[in-house]
Amino acid sequence: MLRKTPVPLTWNGLLAVAREKLLVVTVATKETDGFKRFLGSAKHFNYTVKVLGRGQKWMSGDYMSGPGGGQKVRLLKEALEEMKNEDKVILFIDSYDVVFASGPKELLKKFQQARHKVVFSSESLIWPNRHLEDKYPHVIVGNRFLGSGGFIGYIPNIKEMVADWTGKDNDSDQLFFTKIYIDPVKRKSINITLDSKCRLFQNLHGALDEVVLKFEDGRVRARNVLYDTLPVVIHGNGPTKLQINYLGNYIPNTWTFETGCTVCHQDLHPLTALKSEYPLVVIGVFIQQPTPFVTMFFERLLKLQYPKNRLKLFIYNQEAHHERHISSFLKEHRSLYQDVKVVGPEEEMDEAISRLTTYMSFLPFSDMCRKDKDCDYFFLLDIQVVLKNENTLKILIEQNLPIVAPMLTRVGRLWSNFWGALSAEGYYARSEDYVDIVQGRRVGVWNVPYVSSVYLVKASLLRSELADYELFNSNTLDPDMAFCHNIRDKGIFMYVTNMHTFGRILSTDNYQTSHLHNDLWQIFENPVDWQERYIHENYTYIMKDKLIENPCPDVYWFPIFSDVACNHLVEEMEHYGKWSGGGNKDTRIQGGYENVPTIDIHMNQINFEKEWHKFLLEYIAPITEKMYPGYYTKAQFELAFVVRYKPDEQPSLRPHHDASTFTINIALNQVGPDYQGGGCRFLRYDCSIQAPRKGWSLMHPGRLTHYHEGLPTTAGVRYIAVSFVDP
């Protein structure tokens with residue numbers, strides 16, 4: 001029997017190198033987040049990786065501040081002495097700032113096509129010695145200068161190349177390899193060339209404008225548009241760490257349009273699998289300035305789905321206005337938490353901390369976790385954060401990331417609690433994917449350069465890399481930006497997730513504290529939160545579920561205000577206290593004469609008329625147009641006021657027509673608990689509403705048809721909000 005002889009694989013006449021002959025070699029003295037990302041990309045493409053220097057001290061300096069890297073050459077030289085297989089191919093690359101974009105087959109094919117024994121990555125910038133520029137060989141097309149962060153070659157040739165290394169660990173590897181390359185004799189002997197068109201290696205420094213993401217057929221590659229190449233190895237050398245982080249959000253196939261996020265469910269830390277107690281979390285609540293809806297903040301904090309006995313609270317409050325809100329919350333709920341500490345505006349703190357007015361408050365927060373050996377996580381939570389997702393804390397812990405923030409946005413704006421990119425000065429810049437992430441067209445877990453307002457930090461970081469109290473210090477940046485800058489410099493990744501809907505961030509612009517219930521005035525700045533707080537929970541179901549009642553002809557009755565809205569409006573009026581006398585003479589209205597007077601306070605007396613008009617326009621006008629077909633209104637009102645009825649003051653109101661196209665009459669308290677009697681009677685129809693529901697509005701025509709009277713209040717105090725509305 002004749003046996004078939006396997007035909008060797010060839011590329012353009014070249015004998016192909018089998019992938020098992022390839023070994024990736026890198027140096028990593030520390031397992032950074034970047035190193036883990038590198039290994040993840042290598043595993044994705046089934047590269048075999050040998051790591052040198054693990055557990056050793058890094059002695060080669062900081063590439064950002066000056067040359068170094070000699071330790072890498074020494075370790076490589078030592079490792080090569082143990083390698084005897086001369087037909088083996090070595091890919092020697094950095095790892096902290098490198099990702100693979102394709103697999104060994106493509107890499108080896110492109111290496112073979114280079115027709116040299118050693119191929120170095122290339123750069124458009126010369127470093128570290130510009131005086132050597134004239135000694136470099138010229139190239140017709142492509143980059144001219146050598147980059148030492150990546151090269152590929154056969155073992156004998158690489159051994160010959162590093163044989164003469166006798167330098168120190170902090171000497172420059174780039175300079176060492178450059179001198180070999182610019183020496184014509186050595187270049188020829190070792191058979192070295194550069195990957196000038198970035199077919200194998202893409203160094204990002206000096207080439208950011210050349211590199212774009214290419215999405216095609218469920219794959220993501222980095223494409224060099226200048227040379228129209230698809231490099232296999234992407235290296236964020238020099239000051240391009242943010243750019244490699246951005247590309248690493250997609251490469252290799254981390255996120256595609258077809259699959260979405262492919263790694264977001266890897267390496268999770270599911271709490272449901274725990275056989276012991278939940279991790280201990282210190283929650284740092286940060287209050288720096290007057291903020292709306294603080295009461296609701298603490299209500300949501302209480303609703304977080306996490307065992308309260310595994311939570312410690314540290315409330316840092318710089319605003320006296322909110323002391324009553326904190327006190328009220330703790331009076332009711334302090335005992336639920338394992339521990340609670342409050343630092344108020346009256347307490348003096350260490351001078352080194354207090355001189356930084358913003359995020360330096362993180363220090364006492366984080367210390368509560370850092371110095372507690374049982375603390376597992378620190379959760380920073382600014383007071384303007386609206387966490388609607390009660391499982392937020394669980395979700396963030398399960399992500400098992402060093403620092404992770406839930407994505408929050410400001411309603412109606414592209415403003416969020418993360419930045420997708422930075423300007424050269426370290427301030428906000430918009431990344432290409434920012435809008436898609438904010439608007440939910442791209443969903444995943446994203447490595448970003450800046451997070452704020454709310455984020456989870458592993459306690460192990462606070463006790464190691466983040467033990468430095470200078471984290472918030474900078475001569476040029478605000479403390480929060482300084483914090484993120486220093487985090488980035490330490491090689492720690494920060495993430496933001498939009499895998500779930502978490503909530504939003506309040507606007508604190510123009511928030512005044514001159515009223516009793518200042519949140520009433522937030523209908524413009526924070527309309528969603530205003531609605532949640534003050535509009536009846538059934539309002540949105542009015543049309544769908546036919547909640548509008550018709551107790552009398554052309555009189556409509558529907559829920560509009562929450563109990564809180566009713567209480568706040570009544571309390572605000574009583575706090576103001578300047579009730580009218582109930583006489584016909586009234587200087588507040590045009591003409592100075594009121595035909596049918598009531599004891600009342602007008603909305604404009606408490607500077608609430610603009611907010612009231614907005615309320616009418618947003619919440620009353622749509623119902624008016626539905627119930628009175630063909631009638632459209634801009635909700636202009638001549639009068640809007642709160643009326644007070646008391647048996648010994650003004651118990652009722654005589655029959656009258658309203659000076660309006662239509663009138664709304666909202667009951668602000670409840671018959672029975674608050675007062676007896678009351679109600680409204682329409683005389684023409686002999687029809688009465690005698691038990692008005694708190695928060696419900698009557699709406700009826702004003703002039704001509706609906707002659708009506710206010711029925712006597714026989715006990716207690718009755719309040720109603722009235723508006724005379726015209727087109």
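The buried residues of helix H2 (residues 70-80) pack against strands S3 (22-27), S4 (49-52), S5 (89-93) and S8 (145-154), and against helices H4 (155-162) and H5. Helices (H or I, at least four residues) and strands (E, at least two) are DSSP runs, numbered from the N terminus. The model is a predicted one, in which local features need pLDDT of at least 70, side-chain atom pairs count only at pLDDT 80 or more, and totals for chains, interfaces and linings use all residues. Residues are numbered from 1 along each chain as its sequence is written, and side-chain values use heavy atoms, with hydrogens and water left out.

H2 is mostly covered, with 8 of its 11 residues buried, that is, under 20% relative accessible area (1.4 Å probe, protein chains only). These are Gly70, Gln71, Lys72, Val73, Leu75, Leu76, Ala79 and Leu80.

One of the partners of H2 is H5 (residues 173-181), whose axis lies 7 Å from that of H2 at an angle of about 65°. Axes here are lines fitted to C-alpha atoms over the stretch in contact, and angles run from 0 to 180 degrees between N-to-C directions. The two helices, H2 and H5, are therefore roughly perpendicular, a term for angles of 65 to 115 degrees. Gly70, Lys72 and Val73 of H2 meet Asp173, Phe176 and Phe177 of H5, where contact means heavy atoms within 4.5 Å. This set divides into 3 nonpolar, 1 polar and 2 charged residues; Ala, Val, Leu, Ile, Met, Phe, Trp, Tyr, Cys and Pro count as nonpolar, Asp, Glu, Lys and Arg as charged, and the others, Gly among them, as polar.

Turning to the open spaces, the second largest pocket has a volume of about 1,200 Å³. A pocket is an open set of points on a 1 Å grid over the protein atoms alone, with protein on both sides within 12 Å along at least five of seven lines, and lining residues have an atom within 4 Å of a point. Grid points are joined across faces, edges and corners, and a volume is the space filled by probe spheres set on the points. Of the 39 lining residues, Lys36, Arg37, Asp267, Leu401 and Tyr495 are the closest to the centre of this pocket. Helices H1 (33-44), H7 (241-248) and H14 (459-462) and strand S25 (445-448) each give two or more residues to the lining, and H1 gives the most, with 7. By class, the lining of this pocket has 13 nonpolar, 16 polar and 10 charged residues.

Note on methods. Parallel < 35°, antiparallel > 145°, perpendicular 65-115°, else oblique. 1 Å grid on protein atoms, 1.4 Å probe; cavity = no way out; pocket = protein on both sides within 12 Å on 5 of 7 lines; lining within 4 Å. Buried < 20%, exposed > 50% of the residue type's maximum accessible area, 1.4 Å probe, protein only.
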